[in-house]
Amino acid sequence: MELNGFESYTFFPGQHWSHTWERQHEIITRFAKYLYPQIINICSPLGLLNHNPLNKSFWSRIRNYRKHQALSDSQNPVMDNMHFINAPHIPFHSKCIGLLNYNLMKSQMGISENNFFWSTYMNPTVYEFFRRSKFKVYDLAERRSTNPHLNKTILSWENQAVREANVVFVDNHATYNDYKDLNPNIYYIPQGVNCDSFYPIETLPEEKKYIGYIGNLHFAIDYDFLKALITSNPEEQFLFIGGILENKGYEIINLPNVTYVNQIPKDELNKYLAQMKVGLIPYIVNDHTVGVYPTKLFEYLSAGVPVISTPLPEVQQYANDDYLKIIDAPTSINGFKFPMKETDKLVSNNTWDVRWSEYIKIIKSCLQ
């Protein structure tokens, strides 16, 4: 069967379309281009956490869901064959609620039994769409098996989906090792970069004035490390661009040598990267984050920005003092030199064009 031979296409990304541009946005957009002009359904995230139905916020969440998504659809590029689904549902995860949600949502989606399914997460509602689909792709971009916020029930749904999927993609070796015995069609395809969006801009040395970080300040950041790094380099100016998802992030942006810019469209990032002399990946290293493959690694390098990172395994595999230094403790950045040799070759081998070519080739082989 050919990829364009399905009657419907259904995608369940784990982030809203307005979220910082990530792997899931990139892949869904490439599917939309590949399948054009066929319509693809893109469902708003349904979540992985239960909400107490006795709490006011439970019902408020239901009432505000449509409004929230309506505000979020226009932030990132949208193609005219993308059909964003904002169906009413109950934000609670159990088998019976999943079946109820499926019946509430399916009428808005126009899906058939000959459906192509793609998702980055699994809960009982998503599983109802998954199990009824003819071809199932599961794309995992983190190590959820060790996520402390997820309960055993949600993880059991994920395990079941991994077993039953026609093909599973992972972006990190830890998740691959977790699940490799559950499905023979599991493939490691890491993050990539679009060189059309991230490219070097010629600037004077004095214009490269920041040690920068692009991305949200979330739970995976090592805030103690980051704060110590900033305070031990008082002569340096630090720049942070992205949303603040953890309260500890406010401590960082309020430091005297920090400039903060809220989340911006991805096509504006390059002008800020041109002002950076170093890019940071300051993630904490633990059982969960060993499965993190930061998209910003190749975004920095593609823009000609050298990188300083904590020893994340998925980053450490590219360690090279010419362009990527791994440090496990705060230190003075002043003496660091980056010749930036052979970065063009490294970046060209890790573009989204390269990743997509492999991705679609695997799907086609599994369709045979």
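1. Let's start inside the protein: the structure holds 1 cavity of 30 Å³ or more. Here a cavity is a set of points, on a 1 Å grid over the protein atoms alone, where a 1.4 Å probe fits but cannot get out. The largest cavity has about 90 Å³ of space, a volume being the space filled by probe spheres set on the points.

2. Which residues lie nearest the centre of the largest cavity? They are Trp-21, Glu-26, Phe-198, Glu-299 and Trp-352, out of 13 lining residues; a lining residue has an atom within 4 Å of a point. The lining divides into 4 nonpolar, 4 polar and 5 charged residues.

3. A word on the source: this is a predicted model, where local features need pLDDT of at least 70, side-chain atom pairs count only at pLDDT 80 or more, and totals for chains, interfaces and linings use all residues. Residues are numbered from 1 along each chain as its sequence is written, and side-chain values use heavy atoms, leaving out hydrogens and water.

4. The pLDDT (the predictor's confidence in each residue, from 0 to 100) averages 91 for the protein chain, and 93% of the residues score at least 70. Over residues 68-74, though, the pLDDT is below 50. Where pLDDT is low, the predicted coordinates should not be read in detail.

5. Now find the open sheet of 6 strands, with parallel pairing and the order S10-S9-S8-S11-S12-S13. Strands are DSSP runs (E, at least two residues) numbered from the N terminus, and two of them pair if DSSP finds at least two bridges between them. Strands S10 (258-261) and S13 (324-326) stand at the edges with a single partner strand each, so one side of each is left without a neighbour in the sheet.

Methods
Contact = heavy atoms within 4.5 Å. Helix = DSSP H or I, 4+ residues; strand = E, 2+ residues; numbered from the N terminus. 1 Å grid on protein atoms, 1.4 Å probe; cavity = no way out; pocket = protein on both sides within 12 Å on 5 of 7 lines; lining within 4 Å. Nonpolar A, V, L, I, M, F, W, Y, C, P; charged D, E, K, R; others polar.
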